[in-house]
Amino acid sequence: ESFSVASVPDMPMMPNIQTQIAGSYSLKAHFKSATKNNESHFLLTPAGITLAQQKPASAKTVFTQYLGAKTYVNPTFIAELFGKLALKGESARCVEALQMLDSRIKALSTITIGGVSGVFADIGLPSLLSVNMLGDGMNKLLQIALTMLANPGSILLVDEIENGFHYSFYPKLWEMIGKLAEETGCQVIATTHSYECISGAAILAKAHTELFRFVRLDHTASGVAAKNFENDSFEYAIDSGMEVR
């Protein structure tokens, strides 16, 4: 219910971690309900997230990637993700995803120039082109696809997911995300202020009800609250032209 940075009582050194728990960055979580009033301390240590208790136990962490509203992509990071995918012999899956935006793309490869690696695309020209030259939308699409394909079971957070894409591509964007989420077991949490982008998701919500959920953040007297829409209600709102942002 409430969170704050707090100190944690001295605890013994954890096995395989060369640092005292008391010196780690800590987060205090306080939960209060009609029947319970609990307080726990969580620690960020080299082993991941740890719950501080008499016999601390490390919780398994999930790889999480955040994509900000700006569409800048670090070429070296993208090349590393693509290399990780290529080693598994699955680079063709990424090519298929990008072909939804540009059918000219035949293949992708990593090239290092001046000590900097990047992903280059074959679009039928005499020489390969850096993906950075194919537009912000292509860069963003590549990063979304690579993050999911190279890290199955991970969580992807995308802020203002509509940035960089033409509104006509939104249905295909959501179709690709739904397909990759089903294949990789990844969870994508995306924000948008675009009505057209939200409308583009209606096809996914209708065709694959188990893959999509629309959540709107509303201002209430007690603060911001998340309102969860059932897919049927979401589809009706879109079809009726109602304001859902």
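Helices (H or I, at least four residues) and strands (E, at least two) are DSSP runs, numbered from the N terminus. Leu85 has its place in helix H1.

## Basis of the model

The structure is a predicted model, in which local features need pLDDT of at least 70, side-chain atom pairs count only at pLDDT 80 or more, and totals for chains, interfaces and linings use all residues. Residues are numbered from 1 along each chain as its sequence is written, and side-chain values use heavy atoms, with hydrogens and water left out.

## Helices H1 and H3

Two packed helices are described by the angle between their axes and the distance between the axes. Axes are lines fitted to C-alpha atoms, for helices over the stretch in contact, and angles run from 0 to 180 degrees between N-to-C directions. For helix H1 (residues 75-87) and H3, the axes come within 9 Å and cross at roughly 40 degrees. H1 and H3 are therefore oblique to each other; angles under 35 degrees count as roughly parallel, over 145 as roughly antiparallel, 65 to 115 as roughly perpendicular and the rest as oblique.

On the H1 side, the contact (heavy atoms within 4.5 Å) is made by Phe77, Ile78, Leu81, Phe82, Lys84 and Leu85. H3 contributes Leu142, Gln143, Leu146, Thr147, Leu149 and Ala150.

Leu85 counts as buried, at 0% relative accessibility. Buried means under 20% relative accessible area, exposed over 50%, and partly exposed in between (1.4 Å probe, protein chains only).

Not counting residues up to four places away in sequence, Leu85 touches Glu90, Ser91, Cys94, Leu146, Leu149 and Ala150. Between Leu85 and Thr147 there are 62 residues in sequence and 9.6 Å in space, C-alpha to C-alpha.

## Helices H3 and H4

Helix H3 (residues 136-150) and helix H4 (residues 170-184) have axes that come within 9 Å and cross at roughly 15 degrees. H3 and H4 are therefore roughly parallel to each other.

The residues of H3 in this contact are Leu141, Ile144, Ala145, Met148 and Leu149. Those of H4 are Leu173, Met176, Ile177, Leu180, Ala181 and Thr184.

## Asn139 in H3

Asn139 is a residue of helix H3. With a relative accessible area of 6%, Asn139 is buried. A polar atom of its side chain lies 3.1 Å from the backbone oxygen of Gly135.

How values were computed. Polar contact = N/O pair within 3.5 Å; in protein donor to acceptor, adjacent residues only side chain to side chain.
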